[in-house]
Amino acid sequence: MALSLSTLASGAEFIISMLPASQDVLDAYDGSDGILKHAKPGVIVIDSSTVDPQVPQTLSNLAREKQITFLDAPVSGGTKAAQEATLTFMVGGDKSSLEKAKPILKCMGRNIVHCGDSGNGQVAKLCNNMLLGVTMMGVAEAMNLGVKLGMNAKLLSDVINTSSGRCWSSEVYNPVPGVLSNVPASNNYNGGFKISLLAKDMKLAEDLANRCTAQTDLSKLATSIYKRLMDKGCQDKDFSYIYEFLKNKT
């Protein structure tokens, strides 16, 4: 284990990072003792944080000046996919460098997708998480309605998952406790993907939409509701906790 960023960077051929927010990534790579100040020419940097696309674009330009390659490679699939090494990597940056990095990424992921230029990995991830936040809310609303009207939750889930409403949030990550055994909903909504992190990603997506004047009304509404959950002190719960919020809302 490296005791400092300088020690880590000076002896590495590949560097992989995953940090919570944009400023954390900027500090780690371009701070006073950042990785780019110590990494040797030829190093391939792979950052799997979920951040504003402008961050990897900026760092890629700085890295190029030092003959270092910076790839943005956020992931999707959740904690289960991470444990099973079946993550999806969405990669922006130099394609030939990605080919060199693939053997390492394949130790952690099943799907490795080149999304285009630097920053496009982040664009893909933020669009995905924007959709995830909206679909989870839709599944939670539908399940809550059905249960309140007397449907068995497991039966309703089975119907949805063999019908046109089927999606990842209903089939793989159902928000109702007891429907699936290996998801946060059946563990008091602990573990998984924190509401605070989803809200951060959805806010980033909203910022991107504002920059390019894309209409994202559903996403904005969903983001505001997740923020209400955070205001209630639920920021560390898995985002599927939205079901409990809706169930108990009067």
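Predicted model: local features only at pLDDT ≥ 70, side-chain atom pairs only at ≥ 80, totals over all residues.
In the model, Lys125 is located in helix H6, which runs over residues 120-148. The relative accessible area of Lys125 is 7%. Because buried means under 20% relative accessible area, Lys125 counts as buried. When residues up to four places away in sequence are not counted, Lys125 touches Thr50, Pro74, Val75 and Met90.

The largest pocket has a volume of about 740 Å³. It is lined by 30 residues, and those closest to its centre are Val75, Gly78, Lys125, Asn129 and Phe193. Several elements contribute to the lining: strand E4 (75-76), helix H4 (78-84), H6, helix H8 (168-171) and H9 each supply at least two residues. The largest share comes from H6, with six residues.

Helix H10 covers residues 217-231 and has 15 residues. From its first C-alpha to its last, H10 reaches 21 Å, close to the 21 Å expected at 1.5 Å a residue. The buried residues of H10 are Ser219, Ala222, Thr223, Ile225, Tyr226 and Leu229. Seen down the helix axis, these buried residues fall within an arc of 165 degrees, so they line one face of H10. On the other side of H10, Leu221 and Asp231 are exposed. The buried residues of H10 are covered by elements including H6, helix H9 (195-212) and helix H11 (242-248). Two of these elements, H6 and H9, also supply residues to the lining of the largest pocket. After H10 comes Gly233, which has a positive phi, near 85 degrees.

A further residue, Ser17, lies in strand E1, which spans residues 14-17. The relative accessibility of Ser17 is 11%, so this residue counts as buried. With neighbours within four places in sequence left aside, Ser17 is in contact with Tyr29, Ile46, Asp47, Ser48 and Ser49.

Terms used:
Residues numbered from 1 in each chain as written. Heavy atoms only, no water. Helix = DSSP H or I, 4+ residues; strand = E, 2+ residues; numbered from the N terminus. Buried < 20%, exposed > 50% of the residue type's maximum accessible area, 1.4 Å probe, protein only. Contact = heavy atoms within 4.5 Å. Expected span 1.5 Å × (residues − 1). Arc of directions from axis to C-beta. 1 Å grid on protein atoms, 1.4 Å probe; cavity = no way out; pocket = protein on both sides within 12 Å on 5 of 7 lines; lining within 4 Å. Points joined across faces, edges and corners; volume = space filled by probe spheres on them.
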